[in-house]
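Dear colleague,

I am passing on a structure for you to look through, together with some notes on what was found in it.

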Amino acid sequence: MKTTLREISELDSIVSQVVVAWKTGNDSLLQVALGDEDSDDESYDADESAAEKSFKEDLEKRVYTSRNEKMAESIGSFLKENRNVFVVVGAAHLALEKGNVIELLKKKGFKVERF
């Protein structure tokens with residue numbers, strides 16, 4: 001909750017960081033801007049209960065990990081069919097440090113280029 005309230009007040013800055021990070025190919029900055037980094041705020045970590053951590057892990061699995069796998073599978077199918085398609089994917093699905101759509105497509109043997 002504290003993080004969400006802080007992020008709301010910093011929304012313009014976060015959006016600007018996301019845009020700059022994406023345009024320049026700076027995945028580290030993109031991960032930070034999208035909140036996919038370990039918190040350095042030890043007081044927040046100490047206050048977080050095991051139930052909250054479990055909830056966050058489950059949410060990440062449902063929102064990102066599982067969906068990324070399905071997206072990569074669908075995109076891979078389109079590419080194997082040699083079809084022209086336009087795919088829209090939220091930036092967070094491309095920027096996660098582990099298990100992002102780009103990484104999953106590369107593991108399937110596809111060449112992925114940013115342009």
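Two residues are said to be in contact when they have heavy atoms within 4.5 Å of each other. This is a predicted model, in which local features need pLDDT of at least 70 and side-chain atom pairs count only at pLDDT 80 or more, while totals for chains, interfaces and linings use all residues. Residues are numbered from 1 along each chain as its sequence is written, and side-chain values use heavy atoms, with hydrogens and water left out.

The protein chain has seven helices and zero strands, where helices (H or I, at least four residues) and strands (E, at least two) are DSSP runs numbered from the N terminus. Of its 115 residues, 22% count as buried, which means under 20% relative accessible area, whereas exposed means over 50% and partly exposed lies in between (1.4 Å probe, protein chains only). Among the contacts in the protein chain with a separation of 6 or more, 57% are between residues 24 or more positions apart.

After α5 comes asparagine 82, whose phi is positive, near 55°.

Which residues of α5 are buried? They are Asn68, Met71, Ala72, Ile75 and Gly76, and what covers them includes α6 (91–95) and α7 (101–107).

Alanine 72 counts as buried because its relative accessible area is 1%, and, leaving aside residues up to four places away in sequence, it touches Val101, Leu104, Leu105 and Lys108. Alanine 72 and asparagine 100 are 28 residues apart in sequence, and their C-alpha atoms are 8.8 Å apart in space.

Turning to another helix, valine 19 lies in α2 (residues 11–24), and it counts as partly exposed because its relative accessibility is 39%.
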